[in-house]
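Work through the exercises below with the sequence and the model open. Try each task before reading its solution.

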Amino acid sequence: MTQQNKTKLWKWSNANLHWIITITIQLLLILLCFSNLTDANIEELYYNTDYLYLPSLYTDIFIDCNSIKGWSLAPSPYFFPDMILYFILFPFSQNVGVTLILFSFIQLLLIQIFFYKLIGLLIDDKKKVRH
């Protein structure tokens, strides 16, 4: 391995180290949380009225072909990103529980990407101020 390749590898590893550590910690925490759940806990988490709002709305509009006129939407119906993401995921799984779990993982990933970009912007701003 040449010195130039070693330098590129070192730069890549330093630049992406916090990203790799963040993902690893996040996955370990998710596994830790889900490893302690029993069937009763899963039902309590995912099958309550707050979580079933989007599945009920999706079923009523797209599967049963009813109008949205009959719905009393929540004061803040969280159209973006929750409703859009859920409505995209549900046709692939056709299962409320699986869709909610996928939705949770994707939402965590989007939040992680947001913070990664935010930290990158803050670091770049600090570098600009120094020079």
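**Exercise 1. Helix crossing**

At roughly what angle do the axes of α3 and α4 cross?

Solution. The model is predicted. Start with the axes: those of α3 and α4 come within 10 Å. Their crossing angle is roughly 65°. Next, the hand: α3 passes α4 in a right-handed crossing. Finally, list who makes the contact. From α3 come Leu-54, Pro-55, Leu-57, Tyr-58, Phe-62 and Ile-63. From α4 come Asp-82, Met-83, Tyr-86, Phe-87, Phe-90 and Pro-91.

**Exercise 2. Aromatic pairs**

Classify the ring pair Phe-62 and Phe-87, then the pair Tyr-86 and Phe-90.

Solution. The structure holds eight aromatic pairs. Take Phe-62 and Phe-87, whose ring centres are 5.4 Å apart. Centres within 6.5 Å qualify as a pair. The planes stand at 85°. Angles over 60 degrees count as edge-to-face, so Phe-62 and Phe-87 are edge-to-face. This pair links distant parts of the chain: Phe-62 lies in helix α3 (residues 53–63) and Phe-87 in helix α4, 25 residues apart.

Now Tyr-86 and Phe-90. Their ring centres are 5.8 Å apart, with planes at 25°. Planes under 30 degrees apart count as stacked, so Tyr-86 and Phe-90 are stacked. Both sit in helix α4, four residues apart, and are therefore separated by about one helical turn.

Last step: collect the group. Tyr-58, Phe-62, Tyr-86, Phe-87 and Phe-90 form one aromatic cluster.

**Exercise 3. Burial**

Solution. Set the limits first. Buried means under 20% relative accessible area, exposed means over 50%, and partly exposed is in between. Tyr-86 and Phe-90 are both buried.

Then place Ile-84. This residue belongs to helix α4 (residues 79–93). Ile-84 and Leu-54 are 30 residues apart in sequence. In space, their C-alpha atoms are 9.9 Å apart.

**Exercise 4. The surroundings of Thr-99**

Which residues is Thr-99 in contact with, leaving aside its neighbours within four places in sequence?

Solution. Locate Thr-99 first: helix α5 (residues 96–130). Check burial next. The relative accessible area is 0%, so Thr-99 is buried. Now read off the contacts: Tyr-86, Leu-89, Phe-90 and Ser-93. The Ser-93 contact has a polar part. The side chains of Thr-99 and Ser-93 make a polar contact at 2.4 Å. Tyr-86 and Phe-90 return here from the aromatic cluster.

**Exercise 5. The whole chain**

How many helices and how many strands does the protein chain have?

Solution. Count the elements: five helices and zero strands. In sequence order the pattern is α-α-α-α-α. Turn to burial: 18% of the 131 residues in the protein chain are buried. Then the surface. The accessible area of the chain is about 10,200 Å², and 68% of that belongs to carbon and sulfur atoms. Finish with contact range. Take the contacts between residues at least 6 apart in sequence; 57% of them join residues at least 24 apart.

Technical notes: Residues are numbered from 1 along each chain as its sequence is written. This is a predicted model: local features need pLDDT of at least 70, side-chain atom pairs count only at pLDDT 80 or more; totals for chains, interfaces and linings use all residues. Side-chain values use heavy atoms; hydrogens and water are left out. Helices (H or I, at least four residues) and strands (E, at least two) are DSSP runs, numbered from the N terminus. Buried means under 20% relative accessible area, exposed over 50%, partly exposed in between (1.4 Å probe, protein chains only). A polar contact is a pair of N or O atoms within 3.5 Å; within protein, one must be able to donate a hydrogen and the other to accept it, and residues adjacent in sequence count only if both atoms are side-chain atoms. Contact means heavy atoms within 4.5 Å. Rings of Phe, Tyr and Trp (its six-membered ring) pair if their centres lie within 6.5 Å; planes under 30 degrees apart count as stacked, over 60 as edge-to-face and the rest as tilted. Accessible areas come from the Shrake-Rupley method with a 1.4 Å probe; for residues, only the protein chains shown count as cover. Axes are lines fitted to C-alpha atoms, for helices over the stretch in contact, and angles run from 0 to 180 degrees between N-to-C directions. A crossing is left-handed if the near helix is turned anticlockwise from the far one by less than a right angle, and right-handed if clockwise.
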